[in-house]
Amino acid sequence: MRKYIVRGGTPLYGSTGVQGAKNSALPILAASVLSGGRCVIRNCPALSDVEATLAILRHVGCETLREGGAVVVDSARAEGSEIPEPLMREMRSSVIFLGALLAKTGYARLSAPGGCEIGLRPIDLHLDAMRRLGAVVKDDAGVIECRAPDGLKGANITLSFPSVGATENIMIAAATAKGETLVVNAAREPEISDLADYLNGMGAKISGAGEGTVRIRGVSGLHPAEHTVIPDRIAAATLLAAAAATGGEVTVNRVIPAHLEPVLAAFAEAGCDTRIRGDAIRLTAPARLKAVSTVRTMPYPGFPTDFQAPFTAVLTKADGASVVIETIFESRFKYIGELVRFGAKIRRDGRMAVIEGVPRLYPAGVVTPDLRGGAALVLAALSAEGESEIRDVRHIERGYEDICGAVRALHGNMEAVSAAP
Ligand code: UD1
């Protein structure tokens with residue numbers, strides 16, 4: 001068990017790079033199973049969720065190797081098609097392997113992800129999509145079995161919600177299906193386009209990724225490829241938030257600014273000055289942040305649910321009352337009780353949080369409820385003058401690569417120490 005000690009109250013300043021996108025790396029690694037050879041994934045972040053994904057790849061017979069920032073996956077001998085429950089429990093989004101294993105071996109067996117820290121994680125859209133592609137799906141007491149012994153067949157699939165994971169599963173499964181697949185109301189997140197670029201690099205024929213309707217023309221097989229993962233827009237936004245929360249000025253380099261547009265608009269409404277120069281974004285905080293009218297999480301290109309908690313932490317010291325509405329996941333406000341320990345004034349009503357800005361936060365000892373909620377606590381601790389302690393940081397390390405190092409590079413004071421269990 002590790003905890004973070006944060007000595008906050010000083011503005012963060014300086015410039016830094018950002019890790020590769022976790023939410024791109026995970027489906028890209030899963031899709032590597034289909035290459036039948038040695039793939040190189042560059043800019044692959046060092047995160048426990050990536051480790052959990054590599055453990056699944058090894059379980060199904062891949063060889064994996066980390067070489068600096070790159071991960072090599074060799075699937076030449078990958079024959080497995082089952083993911084045991086402990087590996088599924090390690091990472092709820094491992095359902096992303098469903099399409100890859102089914103397409104590769106004609107069979108996939110895994111346990112249902114069940115509930116997680118941010119709420120139920122239903123996979124009905126994934127399963128319906130696999131059925132549409134011709135698989136026979138059995139969901140028996142939490143064990144999912146999919147069979148397509150004669151291979152998958154292209155289909156027209158309209159998603160009732162633009163699910164990121166379901167869109168990715170369909171793209172991976174349909175890449176080698178017979179015929180053409182059309183995904184209507186597909187998710188448009190940048191990570192969808194990144195996965196499509198990777199699959200196309202492996203010989204797939206996918207068009208329209210990122211545009212809402214994705215067309216996948218099935219090919220007979222994929223080959224190994226090399227790919228560089230896009231920068232992580234949520235990690236970049238969190239670093240900018242560290243400047244906003246502490247009254248500082250931070251430049252994040254090597255990002256794709258267009259991916260951060262909805263977030264930058266919210267920062268601007270809060271009175272921050274944001275400047276884009278090439279692939280760098282600089283955020284300068286005002287003397288006091290302004291409250292924002294309503295921030296509502298939406299599928300991309302809306303305000304990302306993954307940045308809801310960090311942005312709420314920023315608003316705790318704004319002048320006035322802000323409203324944040326979470327529309328994607330039902331249990332994404334667990335961190336609010338912990339933020340209140342810093343002196344934040346937040347009322348929660350179902351999927352809505354009303355944040356009454358306070359002039360200052362006070363140091364606190366808090367427990368991390370989930371990944372992005374944990375990032376919110378780090379931001380609050382950085383803005384509270386004095387020493388705070390953040391416990392159970394394993395959630396944070398699922399998604400943020402060396403967050404202490406990143407904060408220290410921006411002249412903040414934060415360290416990880418071992419904590420008694
Ligand atoms: C991905 C991201 C996660 C992000 C989320 C929304 C990864 C690894 N994770 O998660 O960080 O917060 O997108 O941007 O990329 N739903 C169903 N049935 C399904 C699938 C989803 O009802 O079969 C619902 C979910 O409960 C949720 C909503 O759809 O309410 C969005 O989920 P989805 O877009 O699928 O998120 P993930 O792919 O799990």
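**Close-up views of a predicted model**

View 1. With a relative accessibility of 1%, F311 counts as buried (under 20% relative accessible area; exposed is over 50%, partly exposed lies in between; 1.4 Å probe, protein chains only). The model is predicted: local features need pLDDT of at least 70 and side-chain atom pairs pLDDT 80 or more, while totals for chains, interfaces and linings use all residues. Residues are numbered from 1 along each chain as its sequence is written, and side-chain values use heavy atoms, with hydrogens and water left out. F307 and F311 are both buried. Their ring centres lie 6.0 Å apart and their planes stand at 35°, so this pair is tilted (rings of Phe, Tyr and Trp, the latter by its six-membered ring, pair if their centres lie within 6.5 Å; planes under 30 degrees apart are stacked, over 60 edge-to-face, the rest tilted).

**View 2. The contact of F267 with F311 within the aromatic set.** The structure contains 6 aromatic pairs. For F267 and F311, the centres are 5.6 Å apart and the planes are at 80°, so this pair is edge-to-face. The pair links distant parts of the chain, 44 residues apart: F267 belongs to helix 9 (residues 261-269) and F311 to helix 10 (residues 308-315) (helices, H or I of at least four residues, and strands, E of at least two, are DSSP runs numbered from the N terminus). F267 has a relative accessible area of 0% and is buried. One aromatic cluster is formed by F267, F303, F307 and F311.

**View 3. Bridges on either side of strand 1.** Strand 1 (residues 2-8) runs antiparallel to strand 25 (residues 386-391), to which 5 bridges join it. Among the facing residues, V6 has S388 of strand 25 as its bridge partner, and R7 stands opposite E387 of strand 25. Strand 26 is likewise antiparallel to strand 1, with 6 bridges between them; K3 stands opposite V417 in strand 26.

View 4. The axes of helix 12 and helix 10 come within 7 Å and cross at roughly 20°. Helix 10 contributes A309, P310 and A313 to the contact, and helix 12 contributes R372, G373, A375, A376 and L379 (contact: heavy atoms within 4.5 Å).

**View 5. The surroundings of L133.** L133 is located in the loop between helix 5 (124-132) and strand 10 (136-140). Its relative accessibility is 0%, and L133 is therefore counted as buried. Leaving aside residues up to four places away in sequence, L133 touches L152, K153, G154, A155, I157, A173, A174 and T181. From L133 to D194 the separation is 61 residues in sequence and 23 Å in space, C-alpha to C-alpha.

Key
Two strands pair if DSSP finds at least two bridges between them. Axes are lines fitted to C-alpha atoms, for helices over the stretch in contact, and angles run from 0 to 180 degrees between N-to-C directions.
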